[in-house]
Amino acid sequence: MARGRFISFEGIDGAGKSTQHAWMVDRLRRAGHTVVATREPGGTPLGEKLRALLLAEPMHLETEALLMFAARREHVAQVIQPALERGEWVLCDRFVDASFAYQGGGRGLDWKKLDDLSHWVLGDLQPDLTLIFDAPVEIAQQRLHAATSNPDRFEQEQAAFFEKVRAAYLRIARENPARVRVVDATRTPAAINKELEIIIATI
Ligand code: TYD
């Protein structure tokens, strides 16, 4: 059986990636595909417990990175690999690029350490396609504040943090042109859906 397709959704908080993730899950299911809709950190019972800690508890920067990758190890083993082997589509709301962008770009953790963790945990598993929903920090912050009354530990970060996260995402896009597409997230959801329709047709 053909291996399934693996798509990850990325972007700074407030860019609108979760809305587009939900839209594409629904779109592909209506087209008759079996789709596993999942997210990071999380995606397994243990991963969701780690998520609750990661979003609430202050911790050392390296602890944060290690817990992100611990949750990811479980997620890959329990959910992502088995689904891909069954020939299903996996649509993941954030994946490994978020660790490079947030822990690497945002918090300043050595990129090499993240590379090592990534090789350890993923081997050569990478998404077939990564969509980075990109918007200026000011616009994303406005959306976030309008949508969230109880911001988590990451959402409480200042604009300067998100500028660094955004720059890291754009660096990842430049360095991985075959895998990564940057989607202009300043447009209306309907306009973005149209672009995603075109992208779906090519994968
Ligand atoms: P997010 O998708 O923004 O959740 P929600 O839309 O429910 O608020 O993810 C939660 C946070 O986790 C987000 O602020 C980014 C952060 N994160 C990392 O810092 N590193 C990672 O590797 C991952 C997967 C997420």
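In this predicted model, a polar atom in the side chain of D13 lies 3.0 Å from an oxygen atom of the ligand. R94 and S99 also place polar side-chain atoms by ligand oxygen atoms, at 3.0 Å for R94 and 2.6 Å for S99. The table lists these pairs.

| Residue | Distance from a polar side-chain atom to a ligand oxygen atom |
|---|---|
| D13 | 3.0 Å |
| S99 | 2.6 Å |

How much of the ligand does the protein bury? Taken alone, the ligand exposes 550 Å², and the protein buries 88% of that area.

**The surroundings of the ligand**

The ligand sits in the largest pocket. The elements that each contribute two or more residues to the shell around the ligand are α1 (17–30), α2 (45–56), α3 (61–85) and α4 (96–106). The largest share, four residues, comes from α4. There are 18 residues around the ligand, and those that come nearest are K17, R51, S99, Q103 and E155. Sorted by class, the shell consists of nine charged, six nonpolar and three polar residues.

**Backbone features**

Most peptide bonds are trans, and most residues other than glycine have a negative phi. Two places in this model may be read with that background in mind. The peptide bond that joins E40 and P41 is cis, with omega at about -10°. P41 belongs to the loop between β2 (35–39) and α2.

R94 lies in the loop between β3 (89–93) and α4. Is R94 buried or exposed? A residue counts as buried when its relative accessible area is under 20%. R94 therefore counts as buried, because its relative accessibility is 11%.

V165 is found in helix α7, which covers residues 159–175. V165 has a relative accessible area of 0%, so this residue is buried. How far apart are V165 and D13 in sequence and in space? They are separated by 152 residues in sequence, while their C-alpha atoms are 9.6 Å apart in space. D13 is also a residue with a polar side-chain atom 3.0 Å from a ligand oxygen atom.

Methods: Residues are numbered from 1 along each chain as its sequence is written. This is a predicted model: local features need pLDDT of at least 70, side-chain atom pairs count only at pLDDT 80 or more; totals for chains, interfaces and linings use all residues. Side-chain values use heavy atoms; hydrogens and water are left out. A residue is near a molecule or strand if one of its heavy atoms lies within 4 Å of it. A polar contact is a pair of N or O atoms within 3.5 Å; within protein, one must be able to donate a hydrogen and the other to accept it, and residues adjacent in sequence count only if both atoms are side-chain atoms. Accessible areas come from the Shrake-Rupley method with a 1.4 Å probe; for residues, only the protein chains shown count as cover. On a 1 Å grid over the protein atoms alone, a cavity is a set of points where a 1.4 Å probe fits but cannot get out, and a pocket is an open set with protein on both sides within 12 Å along at least five of seven lines; lining residues have an atom within 4 Å of a point. A molecule sits in a cavity or pocket if more than half of its atoms lie within 2 Å of its grid points. Ala, Val, Leu, Ile, Met, Phe, Trp, Tyr, Cys and Pro count as nonpolar, Asp, Glu, Lys and Arg as charged, and the others, Gly among them, as polar. Buried means under 20% relative accessible area, exposed over 50%, partly exposed in between (1.4 Å probe, protein chains only).
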